[in-house]
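Subject: Handover of a structure and notes on its features

Dear colleague,

Please find below the structure that I am handing over to you, followed by an account of what was found in it.

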Amino acid sequence: VDDDPELLRFLLDELGEAGHHCTGCDNGQDALLCLRQEHFDLVVMDWTLPDFSGVELCRRLRASNNTTPVLMLTARDTLEDKLKGFEFGADDYLVKPFEIEELEARVRALIRRGHAAPSAEDTLCVGGIEFDQKSLVVKRDDQELILSPIGYKLLKILMERSPGVVSRQDVEREIWGDMLPDSDTLRSHMYNLRKVIDKPFEKTYLQTLPGIGYRLCDPD
């Protein structure tokens, strides 16, 4: 999804030659219609579109419970922009200008993760947090919480290993494989996860251990 016709054609050609069946849109409304009519393994979208932003497109997808992975491909490179993109449901973020080899690697990684088989354990519980992996319903103290696609993956990793500590390297490897993100990406996703599962509540479950990693545990 990009309103630059030359870049859109380039992306369609390059990803098509890499073996992907691609559909191109040059505005958010057409993209939203396509995503409601067909199933896609991945959306690659620009931030700046002629009708509404890629972030707004992402927000509308998540609001309709569409969990299709989203890769933001944009020239907006500040930490604030990345935080906003991840907050509204983006899974990965690649800044223009980019190398086509890196884009193709990130596309493969996101599609592979999207096809990963669910864990045999349907429901994870840590204290007052429950995560039904089949329905993707997360509750804390019986209050339902809505996470981003990466947020669900992070929570699963932390809950499976609770109350143990998970290193930053292990988290990044489990989610992004060999195509590791930049230094802000995991921090941004953790910030958004904490904002959902801890900020509205009195007690804190998600802990950051500087220089070591992360831990999710019952404060009691």
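The second largest pocket has a lining of 23 residues, and those nearest its centre are His21, Cys22, Thr23, Phe40 and Leu42. A pocket here is an open set of points on a 1 Å grid over the protein atoms alone, where a 1.4 Å probe fits and protein lies on both sides within 12 Å along at least five of seven lines; lining residues have an atom within 4 Å of a point. The space in this second largest pocket comes to about 510 Å³, a volume being the space filled by probe spheres set on the points, with grid points joined across faces, edges and corners.

This is a predicted model, in which local features need pLDDT of at least 70 and side-chain atom pairs count only at pLDDT 80 or more, whereas totals for chains, interfaces and linings use all residues. Residues are numbered from 1 along each chain as its sequence is written, and side-chain values use heavy atoms, with hydrogens and water left out.

At least two residues of the lining of the second largest pocket come from each of α1 (5–17), α2 (28–37), β1 (43–45) and α5 (100–114). Helices (H or I, at least four residues) and strands (E, at least two) are DSSP runs numbered from the N terminus. The most is given by α1, which supplies four residues of this lining. Sorted by class, the lining of the second largest pocket holds 16 nonpolar, five polar and two charged residues; Ala, Val, Leu, Ile, Met, Phe, Trp, Tyr, Cys and Pro count as nonpolar, Asp, Glu, Lys and Arg as charged, and the others, Gly among them, as polar.

Turning to helix packing, two packed helices are described by the angle between their axes and the distance between the axes. Axes are lines fitted to C-alpha atoms, for helices over the stretch in contact, and angles run from 0 to 180 degrees between N-to-C directions.

The axes of α1 and α5 are 11 Å apart, and the two helices pack at an angle of about 65°. Their crossing is right-handed, a term used where the near helix is turned clockwise from the far one by less than a right angle, left-handed being anticlockwise. On the α1 side, Phe10, Leu11, Glu14 and Leu15 meet Ile100, Leu103, Glu104 and Val107 of α5, contact meaning heavy atoms within 4.5 Å. The contact of α1 with α5 has six nonpolar, no polar and two charged residues.

For α2 and helix α3 (residues 54–63), the axes come within 10 Å and cross at roughly 25°. The two helices are therefore roughly parallel to each other; angles under 35 degrees count as roughly parallel, over 145 as roughly antiparallel, 65 to 115 as roughly perpendicular and the rest as oblique. The crossing of α2 and α3 is right-handed. Gly28, Gln29, Ala31, Leu32 and Leu35 of α2 make the contact with Leu57, Arg60 and Leu61 of α3.

Helix α4 (residues 79–87) and helix α8 (residues 183–197) cross at roughly 50°, their axes coming within 9 Å. That angle makes α4 oblique to α8. The crossing of α4 and α8 is right-handed, and the residues of their contact divide into four nonpolar, four polar and five charged.

A cis peptide bond joins Lys96 and Pro97, with omega of about -5°, and Pro97 lies in the loop between β3 (92–95) and α5. Ser162 and Pro163 are likewise joined by a cis peptide bond, with omega of about 5°; Pro163 is in the loop between α6 (149–161) and β8 (165–167).

Yours sincerely
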